[in-house]
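Work through the following exercises with the sequence and the model side by side, and try each task before reading its solution.

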Amino acid sequence: MPATNHIAEILLSKNILSPQQLEAAQQDETRTGRSLLDIVFEKGFAREKQVAQALSEQLGLAFVDLEKYTIEEGIVRSLPQEAILKFQALPLFKGANSVTVAMVNPSDEGAVAELGKLLKTKVRPVVATASQIKSRLKEEHQKQAPANNPASESLGGGVVSDSEKVAGLASVIGMVDELIKKAVELNASDIHIEPQTNRVNCRFRIDGILQETAPLPREYDTAVISRIKIMASLDIAEKRLPQDGRIRLEIGRRSVDLRVSTFPTLHGENLVIRLLDKSRSLLHLEELGMSLDTLKTFAEIIQKPHGIILVTGPTGSGKTTTLYAVLNQINSVDKNIMTLEDPIEYEVDSVRQVQVNPKAGLTFATGLRSIVRQDPDIIMIGEIRDRETAEIAIHAALTGHLVFSTLHTNSAVAAAVRLIDMGVEPFLVSSALTCVLSQRLVRLLCPACRESYVPTQEILDKLKLKSVSAEEIRFYREKGCPECRHSGYSGRIGIYEMFVPDEEIKRMIEKKAAANEVHEAALKKGMKSLREDAIDKLRAGITSLAEILRVTQEQ
């Protein structure tokens with residue numbers, strides 16, 4: 001679709017132009033060859049900012065008020081002035097693998113492509129007004145010319161020159177790039193930027209635990225957060241409401257997706273970035289940490305032709321990693337595997353993966369309803385969140401499909417009760433439920449510095465190891481060394497509780513027995529609890545007692 005047609009549709013859909021006004025503007029455009037938007041503004045049909053904000057909303061791009069924006073030093077010179085005026089586009093700052101460019105019309109794909117060739121990198125467009133682009137272009141050229149009296153301005157109560165201001169911006173850019181690079185190098189899963197009264201706390205979540213890194217000066221918080229918001233195509237002017245966005249970066253040879261979330265707090269916007277390293281290869285089931293018995297049984301169960309298999313646990317317990325390992329294991333040319341995810345964290349060859357989009361009406365429920373008409377053999381649903389999704393998943397499992405999904409429950413047995421609480425009929429749950437795998441992640445002791453010790457009898461009693469005396473056993477604990485950044489731990493591994501209901505337990509589910517009753521029955525039939533699996537890893541010297549007590553609870 002030509003760019004002018006796209007703009008015309010947007011202006012009509014937003015009721016910015018009437019059909020009559022659009023027709024008059026298009027006639028002038030045909031006759032004079034001038035830009036449609038220039039004609040619209042000249043005739044007074046719409047205001048520049050009104051159109052820019054409409055384009056921003058429709059295209060899902062950030063709107064930038066250039067009057068309040070500091071442009072990276074020298075970046076404007078990277079684009080010829082003729083191109084800036086021709087495309088009405090102004091470079092703002094350079095990122096790791098792209099240049100953010102303010103444009104009057106980002107829907108013009110030809111202009112974006114041409115700008116990319118001139119800049120020799122990917123262009124990340126944002127929306128701005130033509131008059132502000134021209135004004136800032138003039139300002140940038142004036143900065144390059146010699147002046148007798150260097151301009152100065154008040155900033156944070158002090159007087160600083162333009163060069164100092166630009167140096168501050170360069171520091172912010174370097175700060176953000178270094179922050180993300182460091183998080184990736186440390187294999188952090190999240191970055192937390194938390195404004196406080198006099199400083200900005202910065203923390204990384206590494207191996208599931210938040211760890212402090214160097215704080216940011218308080219005067220940089222707005223600039224840092226604005227930079228990240230621009231990179232994520234968020235509205236930098238909106239600070240009263242939460243926002244969500246995404247960034248894709250190439251860091252070294254690693255492709256990393258960043259999910260950005262902002263939230264207004266007392267001292268400013270709190271910002272959290274979830275890092276997804278796309279370059280990491282998918283794990284195999286054997287690498288997850290299951291015991292040999294659990295692995296053997298689970299590997300057989302996932303080859304069944306139908307039924308529903310659930311993976312449960314709190315947020316950050318590795319459920320999605322397990323599901324991807326399952327898909328990796330059962331993927332073959334004779335199976336049609338389809339997924340519904342939010343978000344798609346890793347791409348799997350030969351699997352049809354779908355990203356849910358609630359704003360467009362594609363929820364887990366609506367997507368699942370359509371997927372079953374795509375002749376799938378295996379369906380993976382990122383999460384069962386409501387009754388409708390649960391019922392469709394259960395019916396799919398009962399009609400010849402193998403369904404995988406996740407639930408937020410504290411134990412494997414609680415999954416059956418949770419489905420019933422959602423409103424699914426108990427007899428349907430008992431008929432469809434094939435297996436539930438509950439899991440947690442515990443940190444691995446650093447092999448370079450772990451130290452052994454003899455546990456007290458009190459500890460053994462607490463762990464219910466009554467048949468073992470303290471003299472017969474040795475545990476290991478964390479110490480800390482440069483190899484593990486003095487944390488005592490390096491990496492994580494899963495602990496598992498696998499619930500496979502037999503006919504007797506299925507009858508208990510149908511009768512809506514309490515979760516603790518079903519759990520007791522499953523333990524008597526040989527189910528190993530999370531705590532028991534964790535103790536096995538403690539005895540093997542893989543993890544510590546502190547980790548077990550942190551992650552699991554007594555039955």
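**Exercise 1. Find the strand that holds Met338, and state which residues Met338 contacts.**

Solution. Begin with the secondary structure: Met338 lies in strand 14, residues 337-341, a strand being a DSSP run of E with at least two residues and a helix a run of H or I with at least four, both numbered from the N terminus. Met338 is buried, its relative accessible area being 7%, where buried means under 20%, with a 1.4 Å probe and protein chains only. Setting aside neighbours within four places in sequence, Met338 contacts Arg352, Ile371, Gln374, Pro376, Ile378, Ile379 and Met380, a contact being heavy atoms within 4.5 Å.

This is a predicted model, in which local features need pLDDT of at least 70 and side-chain atom pairs count only at pLDDT 80 or more, whereas totals for chains, interfaces and linings use all residues. Residues are numbered from 1 along each chain as its sequence is written, and side-chain values use heavy atoms, with hydrogens and water left out.

**Exercise 2. Determine which residues of helix 17 are buried, and how they are arranged around its axis.**

Solution. Within helix 17, residues 503-510, the buried residues are Ile505, Lys506, Met508 and Ile509. Viewed down the helix axis, these residues fall within an arc of 155° and therefore line one face of helix 17, the arc being that of the directions from the axis to the C-beta atoms. Their packing partners are helix 14 (414-422), helix 15 (426-432), strand 18 (433-445), strand 21 (489-499) and helix 18 (515-524).

Key: Buried means under 20% relative accessible area, exposed over 50%, partly exposed in between (1.4 Å probe, protein chains only).
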